[in-house]
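Subject: Handing over a structure

Hello,

I am passing this structure on to you, and I hope you enjoy looking through it. Please open it first, and then read on for what was found.

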Amino acid sequence: MSVRRRLAKTQLITLPPPPPTRVQAPPPPPPPPSELKLAAIASNLNVRLRSADMPPAMQERAIRRARDLLDSNPDTQKRLNPTHLAMCLKKEFDALYGPAWHCVVGKSFGTFVTHSSGGFVYFSVDKLCFLLFKTEVRPAAKAPVKLLGFNK
């Protein structure tokens with residue numbers, strides 16, 4: 001028996017472990033057509049949707065109205081008043097979807113708000129950001145009347 005043969009019988013061959021098997025997750029479902037349409041509209045109008053809890057049709061109305069307000073400025077050298085933009089957007093949504101809409105427009109602002117379900121959108125057009133949200137309206141409870149100076 002040769003030396004070569006003897007070594008072949010005594011050596012153990014170690015193989016690397018098999019690669020882990022990956023379970024592929026199914027691809028996510030495609031977005032609904034209304035969301036695709038909204039994304040296309042936003043792209044065409046140079047609008048960036050940042051966050052939303054609102055039906056796509058209402059989001060579309062908000063971004064179209066904001067774009068129209070910005071484009072209605074005849075003097076491109078003079079910038080529009082953000083307060084005026086907010087007021088116009090708020091009044092339109094109050095008239096169409098009921099009261100208690102609030103709107104903030106500006107280049108830099110911080111907020112922490114509570115909104116009604118289905119009534120929130122945050123987007124930017126050019127360099128301006130728009131926050132539009134709805135709150136719930138409840139009648140105020142009457143406080144008991146206290147008479148001053150009378151102890152009975």
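Is Phe-130 buried or exposed? Phe-130 is buried, with a relative accessible area of 0%; here buried means under 20% relative accessible area, exposed over 50%, and partly exposed in between, using a 1.4 Å probe and protein chains only.

Before the rest, a word on how to read it. This is a predicted model, in which local features need pLDDT of at least 70 and side-chain atom pairs count only at pLDDT 80 or more, while totals for chains, interfaces and linings use all residues. Residues are numbered from 1 along each chain as its sequence is written, and side-chain values use heavy atoms, with hydrogens and water left out.

The pLDDT is the predictor's confidence in each residue, from 0 to 100. Its mean for the protein is 83, and 84% of the residues reach 70 or more. Confidence is lowest in helix H1 (residues 3-10), with a mean of 53, and highest in E2, at 96.

**The overall layout**

The protein has four helices and four strands. These are DSSP runs numbered from the N terminus: helices are H or I with at least four residues, strands are E with at least two. From the N terminus on, the order is α-α-β-α-α-β-β-β. Of the 152 residues, 27% are buried. Contact means heavy atoms within 4.5 Å, and among contacts between residues at least 6 apart in sequence, 54% join residues at least 24 apart.

**The sheet**

Four strands make an open sheet in the order E1-E3-E4-E2, with antiparallel pairing; two strands pair if DSSP finds at least two bridges between them. Strand E1 (47-53) and E2 are at the edges with a single partner strand each, so one side of each has no neighbour in the sheet. On average, neighbouring strands of this sheet are turned by 10° against each other, direction ignored.

Helix H3 packs on the sheet and touches E1, E2, E3 and E4; its direction makes about 35° with that of E3. Such axes are lines fitted to C-alpha atoms, for helices over the stretch in contact, and the angles run from 0 to 180 degrees between N-to-C directions. H4 lies across E2 and E4, and runs at about 155° to E2.

Strand E4 deserves a look of its own. E4 is joined to E3 by six bridges, the two running antiparallel, and E2 and E4 also pair in the antiparallel sense over six bridges. Leu-131 in E4 is the bridge partner of Val-104, and Tyr-122 stands opposite Leu-131 as well. E3 and E4 form a hairpin with two residues between them, and Asp-126 in the turn has a positive phi of about 55°.

In a regular strand the side chains alternate between the two faces of the sheet. In E4 both faces are covered: Leu-128, Phe-130, Leu-132 and Lys-134 on one side are buried, and so are Cys-129, Leu-131 and Phe-133 on the other.

**The core**

Which residues touch the most other members of the largest nonpolar core? They are Phe-123, Phe-130 and Leu-132, in a core of 25 residues. A nonpolar core is a set of buried Ala, Val, Leu, Ile, Met, Phe, Trp, Tyr and Cys residues joined through side-chain atoms within 4.5 Å. At least two residues of this core come from each of helix H2 (33-44), helix H3 (56-71), H4, strand E2 (101-106), strand E3 (120-125) and strand E4 (128-134). H3 supplies the largest share, six residues.

Leaving aside neighbours within four places in sequence, Phe-123 is in contact with residues including Val-47, Leu-49, Ala-62, Ile-63, Ala-66 and Phe-130.

**The aromatic pairs**

Five aromatic pairs turn up in a search of the whole structure. Rings of Phe, Tyr and Trp (its six-membered ring) pair if their centres lie within 6.5 Å; planes under 30 degrees apart count as stacked, over 60 as edge-to-face and the rest as tilted.

The rings of Phe-93 and Tyr-97 have centres 5.1 Å apart and planes at 45°, so this pair is tilted. Phe-93 and Tyr-97 are four residues apart in helix H4 (residues 82-97), which means about one helical turn separates them. Phe-93 is buried at 0% relative accessible area, whereas Tyr-97 is partly exposed at 28%.

The rings of Phe-123 and Phe-130 have centres 5.1 Å apart and planes at 5°, so this pair is stacked. Phe-123 has 0% relative accessibility and counts as buried. Ring pairs also link Phe-93, Tyr-97 and Trp-101 into a cluster.

Best wishes
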